[in-house]
Amino acid sequence: MSRTRWFGVLGIGAVAIGLALGCPETQIDHRGEVLDHVGQAVLVDLEQAHADAQALRGSIASLCAAPDATGLDASQAAWMQLRGPWKRILALPFGPLVDDGFDTAIDFWPARPSSIDGGWLSGASSQAELDALGVASKGMPAIEYLLWDPIGGDAAVLASLTGTDGPQRCAYVELLASDVELQLERLDAAWRGAGGFADQLAQAGDSEAFPTVALAIDQLLNAMIAGLHDLEDPKLRKPLGATIGAPQPELLESRFSDRSLQDARDALAGFAQAYLGTQAAPGLTLVVAEKSPAVDEQVRDALAAAEVALADVPEPLRTSIVDAPMQVEAAADAVHELRTILTAQVASLLGVTVSLSDNDGD
Amino acid sequence: MADRWLSHRVDAASLVVLRVAVGLLLFVSAARFVARGWVEELLLAPSFHFHYWGFAWIGEPPAWLAYSLFVVLAGSSLALAAGVSTRCSAGVALLAFAWIELIDLTYYLNHYYFLTCLLATFVLVPPRPEADNRVPAWKLALLRTQVGLVYVFAGLAKLNPEWMLHAQPLDIWLARHADLPILGRWLDETWLAYAASWAGASFDLLVVPALLWSRTRPFAYAAVVGFHVVTGLLFPIGMFPWFMIAAATILFPPDWPRRWLAAGAVLDRPVAVHPKRERALGGIACALLVLQLALPLRMLLYPGSTLWHEQGARYGYRVMLVEKAGLVEYRVRDRSSGREWRVDPGDELTTLQARMLSTQPDLILQYAHHLAARLEQETPGAAIEVRVDALVSVHGRPARRLIDPNVDLARERDGLTPKPWILAGPEEPPP
């Protein structure tokens with residue numbers, strides 16, 4: 001090699017070493033931190049949901065031991081209590097929640113009364129027998145159907161639990177509550193501990209599920225978008241009559257307990273938790289704001305607008321889709337606006353579209 | 001002069017190596033497609049397929065046909081690599097590959113298009129030695145042009161303000177890999193995105209002459225390998241890097257493989273040819289090349305940025321040029337009843353189809369036609385109008401409407417003329 005070439009090679013080497021060692025690190029990659037925060041927030045909700053499911057099972061057991069109005073109220077309150085953390089968890093449909101079918105196992109809706117009636121009429125009395133039934137026969141909507149009667153009220157429910165078929169119905173509700181607790185326990189186990197999904201998220205870039213951090217961010221963002229779609233379309237637009245031009249109350253979530261609107265608000269709270277996080281543990285906002293404070297501001301504004309629009313819908317949603325369709329539509333539009341910003345701008349900003357393609361790119 | 005060039009003969013060794021490499025890589029591609037479950041997921045599962053213009057008749061293949069196509073492709077690829085009836089095996093591979101490609105427009109990839117053209121060239125100009133173990137120089141030139149134009153057009157496509165002045169989309173894409181060890185800390189740096197953008201454009205534009213010139217060839221090929229390996233690691237571009245690393249060897253001297261072979265070793269069995277027929281087929285291969293050279297230029301006929309409106313973008317080797325995301329929702333109105341409702345294309349399409357549709361006007365139009373036809377069939381007497389709310393963001397800019405929301409797309413025809421219902425793209429710089 002000539003002297004000139006030696007100098008050339010040495011020069012290039014010196015520049016490379018200088019770049020590698022000398023230049024300050026100006027950007028800090030916060031994505032791993034954000035993934036950890038999101039995972040931890042879900043763990044908190046899972047813990048809460050599991051505790052609430054235990055409480056629900058206990059209160060239903062008491063109700064069935066001596067069915068009365070107080071016991072029914074307590075069971076209904078326990079069911080309502082469980083919905084909060086559960087809906088927040090469901091706002092991020094990814095990981096074992098979806099991959100292992102916990103979402104439909106715990107919360108298949110709209111409820112199908114015929115399938116639920118078929119469940120208790122089948123006489124299923126053990127976990128194994130319940131496992132053999134389809135998801136439409138069990139889960140939280142089935143418990144709701146058996147604990148509420150929008151027409152006959154609590155008196156009708158108590159009558160059904162104390163009538164001829166009462167013991168069989170009650171045994172079935174107990175079994176359902178036990179199953180929900182079991183499913184939540186399993187979901188919690190899939191998320192928690194070493195190698196759990198929260199750990200996989202936190203270790204993204206070096207974990208089996210997420211060999212790159214980018215992949216984990218893609219899945220998180222896509223889950224947030226999917227959660228918003230579930231909020232906008234099945235929860236609001238479809239019952240409003242988006243597909244047939246007339247209200248369809250039978251498509252409402254939690255239509256027996258009239259918790260539909262609160263379910264929607266909890267779902268949005270789940271999104272907000274993942275996006276905003278807390279002061280100490282910020283969510284995706286941290287990454288988006290670093291890329292573009294303007295886009296982050298847009299997401300925050302759209303989120304606030306969606307919260308206001310949902311709060312403006314009069315309770316219950318069952319009657320609002322008939323009496324106040326404009327407010328329901330405005331809420332759906334506000335969620336749509338938020339989803340649009342996430343799907344178009346945030347995805348583009350973070351380069352999410354370049355990956356997650358099932359096929360090879362270009 | 002022309003006669004002398006036409007009769008000039010060169011060693012066929014580099015053509016044989018190209019053929020073997022392409023055959024083997026095609027075999028791997030076919031096996032990989034099946035092994036990853038893409039036959040089921042991409043070809044059989046969707047209830048609707050976007051068709052290529054003029055190829056609606058291809059339709060959705062039954063499972064036996066879909067898998068058979070891959071078996072045929074894999075078998076003919078191996079035959080091509082082995083040099084068994086080269087022209088025939090290339091033809092069969094071409095038919096199977098093109099058929100698979102034509103099933104759904106949303107799966108269009110530049111490298112699929114390149115391979116289709118390359119296989120067509122193999123059919124017309126089989127890469128095999130003739131009786132004297134050599135081939136006419138024009139055959140080598142045709143294949144070199146076929147490979148070289150990918151780089152040249154990819155380079156020309158990068159000469160746009162987004163790439164050169166804003167370092168997009170690399171600024172976004174490289175930052176996604178900021179967690180990589182050692183190199184990662186630099187990938188979030190804007191200056192690196194600029195350096196990579198300019199280097200990428202320079203590479204594409206200069207690599208062909210650099211591979212042809214003996215003094216720069218070793219550096220150029222090292223750059224080819226480095227470039228494709230790095231892009232293959234950073235981006236989901238599947239087999240493309242390996243095809244290009246193999247294909248670039250055609251720009252080496254025609255006898256380059258002999259440096260690694262014993263003197264007098266035979267690379268492939270020579271075949272007797274009819275010179276006149278070969279020249280006639282070579283003429284068709286030339287026409288195919290001219291077509292490939294002309295097709296990318298049609299984008300100049302459409303006003304506005306191709307990155308935004310995508311008219312004239314396909315068949316142009318515009319590789320990895322834009323980061324776009326969008327959300328599309330259809331608004332349907334039945335004139336006969338006055339009823340209006342919304343349709344989310346995600347209800348019928350797969351995630352990948354919906355994603356591709358969300359930023360490509362011709363796919364949006366095609367689905368609007370499908371929607372109108374389907375709904376009119378489901379509701380006899382219905383007269384369906386289809387409008388669309390399509391919001392698209394390019395390189396993280398605020399999302400804006402891609403399609404005029406007042407136009408009834410059910411009445412619009414697809415064609416080569418500029419689509420007046422595509423709205424103007426953004427003019428502000430990316431954030």
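Which residues line the second largest cavity? I began there and found Asp233(A), Arg237(A), Lys238(A), Ala242(A), Thr243(A), Glu329(B), Arg342(B), Val343(B), Asp344(B) and Asp347(B).

I note that the model is predicted, with local features needing pLDDT of at least 70, side-chain atom pairs counting only at pLDDT 80 or more, and totals for chains, interfaces and linings using all residues. Residues are numbered from 1 along each chain as written, chains are lettered from A and ligands numbered from 1 in written order, and side-chain values use heavy atoms without hydrogens or water.

I took a cavity as a set of points, on a 1 Å grid over the protein atoms alone, where a 1.4 Å probe fits but cannot get out, with lining residues having an atom within 4 Å of a point. Points are joined across faces, edges and corners, and volume is the space filled by probe spheres set on them.

I searched the whole structure and recorded 5 cavities of 30 Å³ or more.

Helix 12 (213-240) of chain A and strand 4 (340-343) of chain B each supply at least two lining residues (DSSP runs numbered from the N terminus: helices H or I, at least four residues; strands E, at least two).

I then turned to the largest cavity, which holds about 220 Å³. Of its 21 lining residues, Phe33(B), Phe70(B), Phe97(B), Ile100(B) and Tyr112(B) are the closest to its centre. I counted 14 nonpolar, 3 polar and 4 charged residues in this lining. Helix 2 of chain B gives the largest share, 5 residues.

How values were computed. 1 Å grid on protein atoms, 1.4 Å probe; cavity = no way out; pocket = protein on both sides within 12 Å on 5 of 7 lines; lining within 4 Å. Nonpolar A, V, L, I, M, F, W, Y, C, P; charged D, E, K, R; others polar.
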